[in-house]
Amino acid sequence: QITDNTNFANGIALSHTGTTLHFLALNNDISRNATSGITIYPSTAIPKMVATIVNNTINDNQNVQSNASGGIDIEQFTKLCLDLSDNTLLNNATTGVYIGSTELSPSVCADVSGNNSNTGYTFANDTGVFNLAPLDVDSVNTGTITEIGTITHVSSCSCTP
């Protein structure tokens, strides 16, 4: 349980500087934090990231630092393999989820299903490849999905970094 962090604090904040990051958040309550529930925003891009965020409650995070999302904010990567499933993301400031990278040609493989957000999801792709699964991603998640740039819907998304 990671709750009630104040003074501009996130619930979980990772600023990894290595070449590969494996991140697992499973069965947590990450709520009522001053900034984001989970933020992965290193100063230099992570070349390979595997993130599994499953069955968490990420609610009421206030985003006072104005990250891209009050719920889950994942940025600055070259290659991302993401399993985002069965999470409750309610009442987070800005959005429940933001996934995007400003790297020159990032690659994303995101499997997103069974999530519930009343502030939505934003997936952004400027110049790389962004595969989003499953094909019916809109109907297997509750909440508005906003896509910025070119997002390709695929039936499944399995990847290795």
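**Sheet, disulfide and buried residues in a predicted model**

An open sheet of six parallel-paired strands runs in the order 3-6-8-11-14-16, as seen in this predicted model.

Biologist: Which strands stand at the edges of the sheet, each with a single partner strand?

Modeller: The strand order of the open sheet is 3-6-8-11-14-16, with parallel pairing. One side of each edge strand is left without a neighbour in the sheet, because each has a single partner strand, and these are strand 3 (20-26) and strand 16 (152-153).

Biologist: How many bridges join strand 3 to strand 6?

Modeller: Strand 3 and strand 6 run parallel, and within this pairing Leu 24 stands opposite Thr 52 in strand 6. The number of bridges that join strand 3 to strand 6 is seven.

Biologist: Is Ile 53 buried or exposed?

Modeller: Ile 53 belongs to strand 6, which covers residues 46-54. Leaving out residues up to four places away in sequence, Ile 53 touches a set of residues that includes Phe 23, Ala 25, Ile 38, Ile 72, Ile 74, Leu 82 and Leu 84. Buried means a relative accessible area under 20%, and because the value for Ile 53 is 0%, this residue is buried.

Biologist: What distance separates the C-alpha atoms of Ile 53 and Thr 122?

Modeller: Along the chain, Ile 53 and Thr 122 are 69 residues apart. In the model, the separation between their C-alpha atoms is 16 Å.

Biologist: Which residue is joined to Cys 109 by a disulfide?

Modeller: The count of disulfides comes to one, and its S to S distance, 1.9 Å, falls within the cut-off of 2.5 Å. Cys 109 lies in strand 11 (residues 107-113) and the partner in the segment after strand 16, so the pair ties together parts that are 48 residues apart in sequence. The residue joined to Cys 109 is Cys 157.

Biologist: Which residue has the backbone oxygen that the side chain of Asn 125 reaches at 2.7 Å?

Modeller: Asn 125 lies in strand 13 (residues 121-125) and is buried, with a relative accessible area of 4%. Leaving aside neighbours within four places in sequence, Asn 125 is in contact with Phe 130, Ile 148, Gly 149, Thr 150 and Ile 151. The backbone oxygen that the side chain of Asn 125 reaches at 2.7 Å is that of Thr 150.

Conventions: Residues numbered from 1 in each chain as written. Predicted model: local features only at pLDDT ≥ 70, side-chain atom pairs only at ≥ 80, totals over all residues. Heavy atoms only, no water. Helix = DSSP H or I, 4+ residues; strand = E, 2+ residues; numbered from the N terminus. Buried < 20%, exposed > 50% of the residue type's maximum accessible area, 1.4 Å probe, protein only. Contact = heavy atoms within 4.5 Å. Pairing = 2+ DSSP bridges. Polar contact = N/O pair within 3.5 Å; in protein donor to acceptor, adjacent residues only side chain to side chain.
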